[in-house]
Amino acid sequence: MRFPRPKSLNSLMLTGFALVSAPLLLAVVIGAAKVRNLSEESASLVRSGVEATHYSQQLYQQLASMERGAKLYQVLNDPALLQVYRDSRERLLVTLTSIESVADDPVRQTHIQELRAGLRRIDRALLSMTPAAPETVREAVDAIPPMWQATFELSNATGEQIETGLQRMQASTAETERYLFWLSAGLILLTALLVAIFTFLLMRPIRQIDQAISQLGKGTFSKAIAVRGPTDLTDLGRQLEWLRMRLLEIAQERNRFLRHMSHELKTPLANIREGTELLMDGAVGELDSSQREVATILRDNGIKLQQLIENLLSFSAWQARHTGLEISEFRLRPLVKSVLETHQLTLLAQRLHLELKVQDIELRADRAKLKLILDNLLSNALKYSPRGGNIYIHAKADADLLVLDVGDTGPGISVDERSAIFQAFYSGRTPIAGHLKGTGIGLSVVNEFVQAHGGSIEIVDGVFPGAHFRVRLPLAPVLEGTTA
C-alpha cells in the first residue's frame, strides 16, 4: 500500500511543518489538561481545609458556650440559663451537620456520633419537662468532658485528612511532572525524527540536482541524471537530463570533428615530413649548410605539428573513452631521457639550461601516457621560457607516490588563469620568444592522464621563478580495467 506523497516542494514543506507542529500542539493540550486537573485538586484541598478549620473553631466555641451554660445552671438553678444552653446546642447541631456533609471518612463520622450521643445525654437531663434533680444535672455536666475529647479527636482526624490530601497532592504533582517530562522527551525525539525525515526528503533531490550540475560542469556526461522527490524538482531533473543528452551530443560531434580533422591533417603532414627527410638524406642532391638548416627547421616543426595532431587525437579518444591504461613496469630515467632527446634541438637553439634531478624510480604505469605527460609539460616550459633561461625537471619518490616537478623561468601563470588552464582548448597568454599558440589541449591531456592514474596535478608557487607544475602519481596504481 502506497501512502500519498506531496506533489510539490511547497506541499512537502507545508506537510512537514504540519506534522512537526501537531505533536507540539498535542503536548500543549495534554499539559494544559494536567495542570488544570492539578489546579482543581489543589483548590478543592484548600477549600476543604479552610472549611474544616472554620468548623473546628465553631465547634470549640459552641461546646464551650454550652458547657458554660450547663455549669451555671448547675450552680444557680436558674431556668433562664437553660436558654443559653439551648442556643449553643442549636448552633452545635448545625455545625455537626455541616461537618458531616464534608466528612467522608469513617473516623470522623465516629467522633461526630460520639458528640451527638453526649449531647443526647445532656438533653435528657436539662431539657426534660420536669426539673432535673441535682444528681441528674451533675451527670449531664460530667458528660461534657468526653465531648471535648471527641472534639479534639475530630479536629486531629480533620488535620490528618488534610495532611493526607497534601501528600496525595504532592504525589500527583510529582507524577504529573514525570509524565510531562517523558512526554516532552518523547515529543523531542519524535520532532527530531520528523525533522530528519523531511530534511532527507527535501535535501535528497537538492543534493541530486547539485551533483548533476557539478557533473555537467566538469564535463562528465556518461551518468544519467535522475531526481526523485516533489514534482517540481523531478521536472527540473528531467530538464537537466535533457541538457546532459544535448551536451553529450555536442561533445560527440566535437570529438568526431577532431578525429576527422586530425586524420585529414596527418596525411599531408606525413608527405611533408617524408619530403623533408628525403631532402636531408640528399635524395635530390647534397645540401649546403644553409639549406640543411632550413630543412632541419622544416623537420622540427613537422615533428611539433605531428605532436599537436597526436594530442588532438589522444584528447578526442580519451573524451570518447576509447582508450584505457596499459600498465607496465619501467624505470623513470630512461623515459625522461627519451623525452629530452625529442626536444634537444630546441634546448640548444634557445640556449636553455636544464637542471635535471631525477631518481631512478621503478614505476607501474602507462608508459606512453606518462611520456606524453612529460612531453607536454616540457613543451609548455620551452614555449614560455626566455632565451638563455632555465628548465627544471625534478622527480623523486615520496612514500608510495612519484612527485614530478617541471618548472621554468618564464612569466609564470597568473592567478586569474589558474582556474581555466587545465580546460580543453584554453591557450592562455601568448608565449614569449615568438612562439605561436598551440591548440590549448596539452595541459588538458596532462590533467586527464594524471587523473586516469589516480594522481593529481597542481601549480606551485615560490620554488622556481616561472611556472611550476607538480604531479603526484601512485608508484603502483590499482585501477579498474587495467592490464599489467
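**Architecture of the predicted chain**

In this predicted model, residues 24 or more positions apart account for 73% of the contacts in the chain with a separation of 6 or more, a contact being defined as heavy atoms within 4.5 Å. Residues are numbered from 1 along each chain as its sequence is written, and side-chain values use heavy atoms, with hydrogens and water left out. As the model is predicted, local features need pLDDT of at least 70 and side-chain atom pairs count only at pLDDT 80 or more, whereas totals for chains, interfaces and linings use all residues.

The chain has eleven helices and seven strands; these are DSSP runs numbered from the N terminus (helices H or I, at least four residues; strands E, at least two). Of its 484 residues, 38% count as buried, where buried means under 20% relative accessible area, exposed over 50%, and partly exposed in between (1.4 Å probe, protein chains only). The accessible surface of the chain comes to about 28100 Å², of which 58% belongs to carbon and sulfur atoms; areas were computed by the Shrake-Rupley method with a 1.4 Å probe, and for residues only the protein chains shown count as cover.

Five strands form an open sheet of mixed pairing in the order β2-β4-β5-β7-β6, two strands being paired if DSSP finds at least two bridges between them. Strands β2 (353-358) and β6 (456-459) stand at the edges with a single partner strand each, so one side of each is left without a neighbour in the sheet. From one strand to the next, the twist averages 10°. Angles run from 0 to 180 degrees between N-to-C directions, and axes are lines fitted to C-alpha atoms, for helices over the stretch in contact. Helix α10 (residues 367-384) packs on the sheet, where it touches β4 (390-398), β5, β6 and β7, and its direction makes about 20° with that of β5.

Strand β5 is mostly covered, with seven of its eight residues buried. β5 pairs with β4 in the antiparallel sense over eight bridges, and A395 stands opposite L404 in β5. The two strands form a hairpin with two residues between them, and A399 in the turn has a positive phi of about 60°. Strand β5 (residues 401-408) also pairs with strand β7 (residues 468-474), in the antiparallel sense over seven bridges. Here L401 stands opposite P474 in β7, and D405 stands opposite R470 in β7.

The side chains of D405 and R470 meet in a salt bridge (2.6 Å, N to O), defined as a side-chain nitrogen of Lys or Arg within 4 Å of a carboxyl oxygen of Asp or Glu. This pair links distant parts of the chain, 65 residues apart. D405 is buried, with a relative accessible area of 8%. By the stated rule, the count comes to ten salt bridges. Another joins D360 and R331 (3.1 Å, N to O); D360 lies in the loop between β2 and β3 (362-366) and R331 in strand β1 (residues 327-331), so the pair ties together parts that are 29 residues apart in sequence. R331, D360 and E362 are linked in a network of salt bridges.

Helix α11 (residues 442-452) is mostly covered, nine of its eleven residues being buried. Just after α11, G454 takes a positive phi of about 80°.

The mean pLDDT of the chain is 78, and 86% of its residues reach 70 or more; pLDDT is the predictor's confidence in each residue, from 0 to 100. Over residues 432-437 the pLDDT is below 50. Where pLDDT is low, the predicted coordinates should not be read in detail.
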